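This report walks through one protein model and its ligand shell. Please look at the sequence and the structure before reading on.

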Amino acid sequence: MKLLLIGAGNMGGAMLASLAGKYEITVVEVSQRRRDELARLYPEVRVVGEIPPLDGYVVILAIKPQSLESLQTRGEAEALISILAGTPLQRLREKISARAYIRAMPNIAALKGKAVTSVTGDAAFREEALAILSSIGTAIWLESERQLDIATGIGGSAPAWMALVAEALADGAVNLGLPREVSYRFVAALMDGMGALLADERPAELKDKVMSPGGTTAAGYAVLEEKGVRSAFIEAQEACYRRARELAGEE
Ligand SMILES: NC(=O)c1ccc[n+]([C@@H]2O[C@H](COP(=O)([O-])OP(=O)(O)OC[C@H]3O[C@@H](n4cnc5c(N)ncnc54)[C@H](OP(=O)(O)O)[C@@H]3O)[C@@H](O)[C@H]2O)c1
């Protein structure tokens, strides 16, 4: 399977880091400086400045949604996998010719091969799309574009929210006198450990194991509930979903 990655900025670049070496890839980038950088980083990848005819390629589209309007392509791709936030399948079908259409929402952990990617679209290309996107982490098939817009929060945007949580936890430790770098080492290891535990345990079960009656965890937990951390996360996802629909022109 030949991949054509159009756009290798923050997200396309992160995906490339995990895909390079696993697939035959051609990357299209407009900026000469970025092309030189990519050619140096990934000698096994072909880097070009113009989009070749799409025939025979599985295209991964990773440009900004607002750049889609001016994008010009020729030929028919084997499949199009778009990671453009808020850009419906229908819009992609009108703009780019392909045998199958997939929408995917990865996150920045693709850089480490640990993205979680929501995937939806034409069922005929489901297995191939999941295989490609599993090489950048965990890929989860969803039943509709509505579900994908919902998952934009918990998948694509949540790394920024988790970064806020990580920074706030470290700030709390620094406030009490722990060195900044030591605090960051704690939060990195903490998030890693939580991921491993949550793979086979529900959050509430985990919490109950840590929180003993009248103990230290319970004291801190009460403060988090009082300050509305739970409802802040629920409302953040509502705001994110609304924004995804606005971007799709559906509100
Ligand atoms: N960042 C995330 O965490 C994240 C997560 C999930 C999904 N996404 C989606 O990923 C997409 C890209 O986001 P990003 O943050 O990676 O943006 P970005 O850093 O601006 O990357 C877009 C890249 O595409 C290049 N480009 C634009 N038009 C092109 C064309 N016609 N041919 C080839 N290359 C072209 C841009 O080059 P120039 O800068 O030279 O124009 C840039 O390098 C967006 O649609 C976003 O919704 C991002």
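Leaving aside neighbours within four places in sequence, E29 is in contact with A8, R34, R35, L38 and V47. Two residues are in contact if their C-beta atoms, placed from the backbone, lie within 7 Å. E29 is found in the loop between strand 2 and helix 2 (32-41). E29 counts as buried because it has 22 C-beta neighbours inside 10 Å. The C-alpha atoms of E29 and L164 are separated by 31 Å, and the two are 135 residues apart along the chain.

The model is predicted: local features need pLDDT of at least 70, side-chain atom pairs count only at pLDDT 80 or more, and totals for chains, interfaces and linings use all residues. Residues are numbered from 1 along each chain as its sequence is written.

**Overall layout**

The protein chain has nine helices and eight strands. Helices (H or I, at least four residues) and strands (E, at least two) are DSSP runs, numbered from the N terminus. The C-alpha trace spans about 65 × 40 × 30 Å along its principal axes. Of the 251 residues, 30% count as buried. A residue is buried if 20 or more other C-beta atoms lie within 10 Å of its own, exposed if 12 or fewer, and partly exposed in between; C-beta atoms are placed from the backbone. Among contacts with a separation of 6 or more, 42% come from residues 24 or more positions apart.

The domain assignment gives domain 1 (2-143) and domain 2 (153-247). These bounds come from an automatic or database domain assignment. The domain centres, taken over C-alpha atoms, are separated by 31 Å. Across the boundary, 10 residues of domain 1 are in contact with five residues of domain 2. Strand 7 gives the most to the domain 1 side, with three residues. By class, that side has six nonpolar, four polar and no charged residues.

**Ligand shell**

How many residues surround the ligand? There are 26, and the closest are G7, G9, N10, M11 and A85. A residue is near a molecule if its C-beta atom, placed from the backbone, lies within 6 Å of it. The shell divides into 15 nonpolar, eight polar and three charged residues. Ala, Val, Leu, Ile, Met, Phe, Trp, Tyr, Cys and Pro count as nonpolar, Asp, Glu, Lys and Arg as charged, and the others, Gly among them, as polar. Helix 1 (residues 10-19) supplies the largest share of the shell, three residues.

**Helix 1**

Is helix 1 largely enclosed or open? Eight of its 10 residues are buried, so helix 1 is largely enclosed by the rest of the structure. The buried residues are M11, G12, G13, A14, M15, L16, S18 and L19. They pack against strand 1 (2-6), strand 2 (24-28) and strand 4. G13 lies in this helix. G13 is buried, with 21 other C-beta atoms within 10 Å. Just after helix 1, G21 takes a positive phi of about 90°.

In helix 4 (residues 126-134), A129, I132 and L133 are buried. Seen down the helix axis, these buried residues fall within an arc of 90° (that of the directions from the axis to the C-beta atoms), so they line one face of helix 4. On the other side, E127 and A131 are exposed. The cover over the buried residues includes strand 4 (57-61), strand 5 (79-82), strand 6 (101-105), strand 7 (115-121) and strand 8 (137-141).

W141 has its place in strand 8. W141 is partly exposed, with 17 other C-beta atoms within 10 Å. Beyond four places in sequence, W141 touches V119, T120, R126 and L130.

**Separations**

| Pair | Apart in sequence | C-alpha to C-alpha |
|---|---|---|
| G13 and L247 | 234 residues | 23 Å |
| E29 and L164 | 135 residues | 31 Å |
| W141 and L130 | 11 residues | 7.5 Å |

**Nonpolar core**

A nonpolar core is a set of buried Ala, Val, Leu, Ile, Met, Phe, Trp, Tyr and Cys residues joined through C-beta atoms within 7 Å. The largest one has 52 residues, of which L5, V59, A62, L80 and I81 touch the most other members. Not counting residues up to four places away in sequence, L80 touches V59, L61, L92, I96, A98, Y101 and I102.
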